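Hi,

Here is the structure I promised to pass on to you. Have it open while you read, and my notes on it follow below.

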Amino acid sequence: MATEGHAEEPPSRSKRADAQRNRQTVLAAAAEVFVTSGVDAPIRQIAARAGVGMATIYRHFPTRADLVTAVYRHQIEECAEAGPNLLATADSPFDALRQWIDLFVDFLVTKHGLADALQSDSDRFAALHTYFLDRLLPVCAHLLDAAVDAGDIRPGTQPYELMRGIGNLCIGRDNDPRYEPRRLIALLLQGLQHPQAP
């Protein structure tokens, strides 16, 4: 009997690994679709982008709110993990900060429509917002501190103010094709720099 149990373990593990891969593929595809088509995009469009059947999506995410929440959490994690990696690989702490803010803007674009998608579940939305702040504020603070310590930027910028300001600059992007928030965000970052900084 023991041998039979052992024989069944690898397929079970393999199925779990496949399911996890499918889940990650769906999350990545949904994030891309949300950027171009909003969080109300048809599930079939997400399934096609992910290369899976619609049943696979519903198995992992029974409701649209489940999918939207999972995409949001997944992107928060990607953004949080990127901070230390960028700091270790970028040419300077300021470059790391600039690249991280670029990822943060991508994340904010994906987040568009989140409140509407979860409006019937305000507790879930509040919990996600708390999670967002808990995960990303320390990362932004660490990047700012590193840039200050390197002499790249002036001290005194609060991470919450910076993230909130960037979020505000991103508002309205979808409604006005003449507006590109990244240009203003670049100006904002220039304003943080010491005059002698490159």
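**What I found**

Of the contacts in the chain with a separation of 6 or more, 66% are between residues 24 or more positions apart. Before you go further, keep in mind that this is a predicted model.

**The overall picture**

The chain has nine helices and zero strands, so if you read along the sequence you get the pattern α-α-α-α-α-α-α-α-α. There are 198 residues, and 37% of them count as buried.

**Helix H7**

Have a look at H7, which runs over residues 122–149. It has 28 residues and reaches 40 Å from its first C-alpha to its last, close to the 40 Å expected at 1.5 Å a residue. Where does H7 bend? The bend is at Leu136 and comes to about 30°. A proline, Pro138, follows within four residues.

Leu136 is also one of the buried residues of H7. Others on that list include Leu128, Tyr131, Phe132, Val139 and Cys140. What do the buried residues of H7 pack against? Their partners are H4, H5 and helix H8, which covers 159–170. After H7 comes Gly151, and its phi is positive, near 80°.

**The second largest pocket**

H5 provides the largest share, six residues. By type, the lining of this pocket divides into eight nonpolar, two polar and five charged residues.

Not counting residues up to four places away in sequence, Gln75 touches Ala31, Phe107 and Thr110.

Is Ala70 buried or exposed? Ala70 is buried, because its relative accessible area is 11%. Leaving aside its neighbours within four places in sequence, Ala70 is in contact with Arg23, Leu27 and Phe61. Take Arg23 from that list: Ala70 and Arg23 are 47 residues apart along the chain, and their C-alpha atoms are separated by 9.7 Å.

Thr56 and Arg23 are 33 residues apart along the chain, with 8.5 Å between their C-alpha atoms. Thr56 has 11% relative accessibility, so it counts as buried.

Why does Ala55 count as exposed? The reason is its relative accessibility of 52%, given that exposed means over 50%. The C-alpha atoms of Ala55 and Arg44 are separated by 9.9 Å, and the two residues are 11 apart along the chain.

Cheers

Note on methods: Residues numbered from 1 in each chain as written. Predicted model: local features only at pLDDT ≥ 70, side-chain atom pairs only at ≥ 80, totals over all residues. Heavy atoms only, no water. Helix = DSSP H or I, 4+ residues; strand = E, 2+ residues; numbered from the N terminus. Nonpolar A, V, L, I, M, F, W, Y, C, P; charged D, E, K, R; others polar. Expected span 1.5 Å × (residues − 1). Bend = angle between axes of the 7 residues up to and from the residue. Buried < 20%, exposed > 50% of the residue type's maximum accessible area, 1.4 Å probe, protein only. Contact = heavy atoms within 4.5 Å.
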